[in-house]
Amino acid sequence: MPTTRNLFYRWEMTRSSVLLVVGLLAASCTGESEPAATDAAASAPSTSTPTTTTTTTLPTFVAGAAGIGDDYYASLGNGGYDVDHYHLDLAYGDDGSVSATVVVTAAALENLDSFNLDFAGWQVERVEVDGDSSVFERVGEELVVAPVKILAGDVFKVEVDYTGTPEPIVSSAIPFGIGWHAGPEREQFVAAEPDAAHSWFPSNDHPLDKSTFTFAINVPNGLSVAANGELVEVDDGDATTTYHWSMTDPMAPYLATIVIGDGWTFVDDPVSTEAAGIPVSNFLPPDLAADPPAALETTGKMVRVLERAFGPYPFDRYGIAVVGGFPAALENQTLSVFGRTMVESPYFEYVLVHELAHQWFGDSVSVGAWSDIWLNEGFATYAELLWVEELYGPGAYREEVANRIQAATIAGYGPPGTPAPDDLFNASVYQRGSFVLVALRDEVGDDVFFETLRTYAERFSDGNATTEDFISAAEEIAGRDLGDLFSTWLYDEQIPA
Ligand code: TRP
Ligand code: ZN
């Protein structure tokens, strides 16, 4: 049996190599928040002045510019409406340019006389609201649409036409470029966590506003396209092809992705499909399609093992896309993106189970605030430990836990409960985040522990949860107060002995 001893160092190595590669960028990453919306847009709710003497009370309209309220990235997310659906219609050209029409269907939560979408970069050509050309303004990373008159409860459609050449953005949360990347060999892919959805489409860029998605991605013939969900149609044109994808489960904008590759194919994995009971298919470049990495066939077994621990797999299908020139992996909904270096790593299998676990924790149950990111990364890292246990037994699980705790203690990891906004994905969030679950399982025993995980996954599926929500579920199932355990493991400066 291969030793699991040095598993701990995987994320360390991964993290630091990521940081090394992009260390140069970090200097320019000041973490400053973007400018606030215009005074007009951000002004206090305005009361419309009655101009007639009728007794009808005129509705009061407010500007929908207030942020959704994330403590960490205040400018992200917008109040006043709730997006139902995004339709992303993008034409990608061989010169790297994109011409796009995005239709956002939303329901107004208040009477709106303006609203904001988050959107950075690009040339906006035109905005229509319910078919009428509208006045808009770019203010920092806000697309402000005003004036409008939309009544609370009304469903409205915003169509935004824009053009440009996509490129990654510097996020205050993570010290390397995120968003739309150009890889080698004409590859294009999107990896946007936490705050780069609005760098490629106008959106309500906060996990609290989940929506269904459709994609119509037009590319020069020879390129193929994957996105979240299901491939519903391929339209062959003379020189271009349009790929239609559909994500019918609610999805946070940051998990939306497209991957474009030259001659790439979907390689069905019958072994995994059989074991998982859902279609498992990976989007691969020609060399890997001809000879897929053997570990991919364990995906199905991983689905089964995680279903036992977390409950039913939350979506209709799963697969990964393997891209070049990217030293990381990201859990995009139903289609995780893996850098080739991750696939070639001796720890590939553990990254595979980690990203798969995020489909439950991160994608189906999303954070309600970015400060609670341990609910994603701690849980996904815990899945690595479950995989050790599955393969090598309870003794190996204990040994792996002990090794990781020892290494984290020596390294002096601080508390994972509220990482700094510019250090959201630090190693403690992953490692100490997983120790919270180790400690909980030790405290309450296997039955209560796994019932807690399944209850939490089910209760907040297709939605959002907070640390408080998880603690409440754990206390409810255990039937007792667990406040000390959580506060120690989440917030104490030192790792408990
Ligand atoms: N969530 C990723 C993981 O599984 C880490 C991550 C955050 C990331 N933001 C990213 C990876 C952007 C690639 C690109 O650990
Ligand atoms: Zn993760």
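1. Thr240 sits in strand S15, which covers residues 240–251. Its relative accessible area is 30%, so Thr240 counts as partly exposed. The C-alpha atoms of Thr240 and Asn221 are 4.7 Å apart, although 19 residues separate the two in sequence. Leaving aside residues up to four places away in sequence, Thr240 touches Asn218, Val219, Pro220, Asn221 and Asp235.

2. The model is predicted, and confidence should be read alongside each point below. The chain has a mean pLDDT of 89, with 87% of its residues at 70 or more. Residues 1–55 stay under 50 in pLDDT. For that stretch the model has 80 contacts beyond four places in sequence.

3. Next, the metal site. The zinc ion (ligand 2) is coordinated by NE2 of His354, NE2 of His358 and an OE atom of Glu377, at 1.9 to 2.0 Å. Along the chain these donors follow the spacing H-x3-H-x18-E. Water is not among the atoms, so the site may look incomplete.

4. Which helix holds the two histidines, His354 and His358? Both are in helix H7, residues 348–358, where they lie four residues apart, or about one turn of the helix. His354 and His358 are both buried.

5. The burial extends along H7. Of the 11 residues of this helix, 10 are buried, so H7 is largely enclosed by the rest of the structure. The buried residues in H7 are Phe348, Tyr350, Val351, Leu352, Val353, His354, Glu355, Leu356, Ala357 and His358.

6. Helix H5 (residues 299–310) packs with helix H8 (residues 374–392) at an angle of about 110°, and the axes are 11 Å apart. Angles of 65 to 115 degrees count as roughly perpendicular, and H5 and H8 are therefore roughly perpendicular to each other. On the H5 side the contact involves Lys301, Met302, Val305, Leu306, Arg308, Ala309 and Phe310. These meet Ala383, Leu386, Trp387, Glu390 and Leu391 in H8. The residues of this contact between H5 and H8 comprise nine nonpolar and three charged, with no polar ones.

7. What is the omega of the bond that joins Ala146 and Pro147? Omega there is about 0°, and the bond is cis. Pro147 belongs to the loop between strand S8 (142–145) and strand S9 (155–164). The bond from Glu193 to Pro194 is also cis, with omega near 0°. Pro194 is placed in the loop between strand S11 (188–191) and strand S12 (211–220).

8. Positive phi values come next. Most residues other than glycine have a negative phi, and most peptide bonds are trans. Glu185, not a glycine, has a positive phi of about 55°. Glu185 lies in the loop between strand S10 (179–182) and S11. Its relative accessibility is 66%, so Glu185 counts as exposed.

9. Arg186 is found in the loop between S10 and S11. Its phi is near 65°, again a positive value in a residue other than glycine. Is Arg186 buried or partly exposed? With a relative accessible area of 33%, Arg186 is partly exposed.

Conventions. Residues numbered from 1 in each chain as written. Chains lettered and ligands numbered in written order. Predicted model: local features only at pLDDT ≥ 70, side-chain atom pairs only at ≥ 80, totals over all residues. Heavy atoms only, no water. Donors = N, O, S within 2.8 Å, 3.2 Å for Na, K, Ca; no water. Buried < 20%, exposed > 50% of the residue type's maximum accessible area, 1.4 Å probe, protein only. Axes fitted to C-alpha atoms, helices over the stretch in contact; angles between N-to-C directions. Parallel < 35°, antiparallel > 145°, perpendicular 65-115°, else oblique. Contact = heavy atoms within 4.5 Å. Nonpolar A, V, L, I, M, F, W, Y, C, P; charged D, E, K, R; others polar. pLDDT = per-residue confidence, 0-100.
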